[in-house]
Amino acid sequence: MKVIDMIDEEMEEALNDQINAELYSAYIYLSMASEFASRSLDGFEAWMHSQFIEEINHGMRLYQYVNSRGGRVELDEIEKPKVEWDSPLEVFKDTYEHEQYVTDRINELADLAEEKNDRATLQMLQWFIDEQVEEEESAEEILDKLEMIGDDYRGLMMLDEELGQRPMASVFPVKLGEEE
Ligand code: FEO
């Protein structure tokens, strides 16, 4: 007896949309990395590079899952990201807002999986639900620090140093799920 059926079509489409959203997230963070590179803020840039890689891995996690459920991954165009920001603070306002948007999307996917009584997808999404708590928390923490720093250049340099300590995520880890 087959335990897990082939993935439902609507669920498959929604997961495909999420692959696109994760790759778009990667694009946004790479664009932000470039903003920081232009400001010679190397630590901020490195932090964004790591974020970029993590988002690719999120997309790959979904890619693997859709394939493992007998679905078909269909890649779509990736929207052009914003390319300029007025300040590091503005970058992190956008980062925090974007992660809140992604959380809403993941919650909607979980609602759909529940509606479809698709427990396997629901379980797979649990990882993303937990990840979004971390993603929002780290963006909010940096945003708070930048608000406190204001125009203090020394404070900004110290934060740049701190963010540069973030370990670089690895691309396509052999086993997805071990990339954190
Ligand atoms: Fe893939 Fe930052 O959410």
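Predicted model: local features only at pLDDT ≥ 70, side-chain atom pairs only at ≥ 80, totals over all residues.
Figure 1. The axes of helix α3 (residues 88-115) and helix α4 (residues 119-149) come within 9 Å. These axes cross at roughly 160°, an angle over 145°, the cut-off for this class, and α3 and α4 are therefore roughly antiparallel to each other. The crossing of α3 and α4 is left-handed.

**Figure 2. Packing of helix α2 with α4.** Helix α2 comprises residues 42-68, and its axis lies 12 Å from that of α4. The angle between α2 and α4 is about 170°, so that α2 and α4 are roughly antiparallel to each other. On the α2 side, the residues that meet α4 are F44, W47, Q51, E54, E55, H58, R61, L62 and Y65. Their counterparts in α4 are A120, T121, M124, W127, F128, E131, E135, S138, I142 and L146.

Figure 3. E131 is buried but has no salt bridge. When neighbours within four places in sequence are left aside, E131 is in contact with E54 and H58. Both E54 and H58 are among the α2 residues that meet α4.

**Figure 4. Packing of α4 with helix α5.** Helix α5 spans residues 153-163 and packs with α4 at an angle of about 160°, the two axes being 9 Å apart. The angle makes α4 roughly antiparallel to α5. The contact joins I142, K145, L146 and I149 of α4 to G155, L156, L159, E162 and L163 of α5.

Methods:
Residues numbered from 1 in each chain as written. Heavy atoms only, no water. Helix = DSSP H or I, 4+ residues; strand = E, 2+ residues; numbered from the N terminus. Buried < 20%, exposed > 50% of the residue type's maximum accessible area, 1.4 Å probe, protein only. Lys, Arg positive; Asp, Glu negative; His and termini not counted. Salt bridge = Lys/Arg side-chain N within 4 Å of Asp/Glu carboxyl O. Contact = heavy atoms within 4.5 Å. Axes fitted to C-alpha atoms, helices over the stretch in contact; angles between N-to-C directions. Parallel < 35°, antiparallel > 145°, perpendicular 65-115°, else oblique. Left-handed = near helix turned anticlockwise from the far one by under 90°.
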